[in-house]
Amino acid sequence: MVSGPPPFVPGAFVGPAHFYRLRVYFEDTDLSGIVYHANYLRYMERARSDMLRLAGIDQRAAMEAGEGAWAVTDLAIKYLSPAKLDDDLTVVSTVEAVRGASVIIAQRILRGQDELTPEVLTGGRVTAAFLSPGGRPRRQPAGWAERFTAIMNGETNPC
């Protein structure tokens, strides 16, 4: 008897790290089957969004309430090895620093999450600032900095 599809769970916290799994599809690659460089940024963005959602940080509600939105203010990325068509990848995200209006998140994209020593394909560091609707930095909504700090400290339930 089929009761329906399993729940959609692409990401999860393990200690202070958030793990987000994905697969490389044809649309992600160039003609040689190698992932196009800008798609690594998309993978990292999806992982950060999933991490925030799981932590109870409701970006959409903040935007709809007129509080503001996140914007990437600094980004560093290092490409080490290419991902290829059909690869199973994992984006590992960790909070490195929490400030009143910003957060710094380190991210790695790995191939071979089932192996004992997965291959690091890409590493990056992102600074995201919370901006008012007018585009000026402002303090994060109440409780968000505490949730990021809880994640950084490896608390199992950051919500």
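Modeller: Two strands count as paired if DSSP finds at least two bridges between them. The model discussed here is a predicted one.

Biologist: Which residue in β5 stands opposite A97?
Modeller: Strand β4 covers residues 88–98 and strand β5 covers residues 102–111. These two strands pair in the antiparallel sense, over nine bridges. Within β5, the residue opposite A97 is I104.

Biologist: In what order do the six strands lie in the open sheet?
Modeller: The pairing in this open sheet is antiparallel. The two edge strands, β1 (11–14) and β3, each pair on one side only. From one strand to the next, the twist averages 25°. The order of the strands is β1-β2-β4-β5-β6-β3.

Biologist: At about what angle does α3 run to β4?
Modeller: Helix α3 lies across several strands, namely β1, β3, β4, β5 and β6. Relative to β4, the helix α3 runs at about 120°.

Biologist: How many residues apart are W70 and F130?
Modeller: The structure holds six aromatic pairs. One of them joins W70 and F130 edge-to-face, at 5.5 Å centre to centre and with 75° between the planes. W70 belongs to strand β3 (residues 69–79) and F130 to strand β6 (residues 119–131), and the pair links distant parts of the chain. The separation is 60 residues.

Biologist: Is W70 buried or exposed?
Modeller: A residue is buried when its relative accessible area is under 20%. The relative accessibility of W70 is 17%, so W70 counts as buried.

Biologist: Which kind of aromatic pair do W70 and F148 form?
Modeller: The ring centres of W70 and F148 are 5.9 Å apart, and the planes stand at 80°. Planes over 60 degrees apart count as edge-to-face. The pair is therefore edge-to-face.

Biologist: How far apart in sequence are the parts that the pair of W70 and F148 ties together?
Modeller: W70 lies in strand β3, whereas F148 lies in helix α3 (residues 144–152). Both residues are buried. The parts tied together are separated in sequence by 78 residues.

Biologist: What distance separates the end C-alpha atoms of helix α1?
Modeller: Helix α1 (residues 37–54) has 18 residues, and at 1.5 Å a residue it should span 26 Å.

Biologist: Which residue with a positive phi follows α1?
Modeller: Several residues in α1 are buried, among them Y40, Y43 and M44. After α1 comes a residue whose phi is near 85°, namely G56.

How values were computed
Residues numbered from 1 in each chain as written. Predicted model: local features only at pLDDT ≥ 70, side-chain atom pairs only at ≥ 80, totals over all residues. Heavy atoms only, no water. Phe/Tyr/Trp six-rings, centres within 6.5 Å; stacked < 30°, edge-to-face > 60°. Helix = DSSP H or I, 4+ residues; strand = E, 2+ residues; numbered from the N terminus. Buried < 20%, exposed > 50% of the residue type's maximum accessible area, 1.4 Å probe, protein only. Expected span 1.5 Å × (residues − 1). Axes fitted to C-alpha atoms, helices over the stretch in contact; angles between N-to-C directions. Contact = heavy atoms within 4.5 Å.
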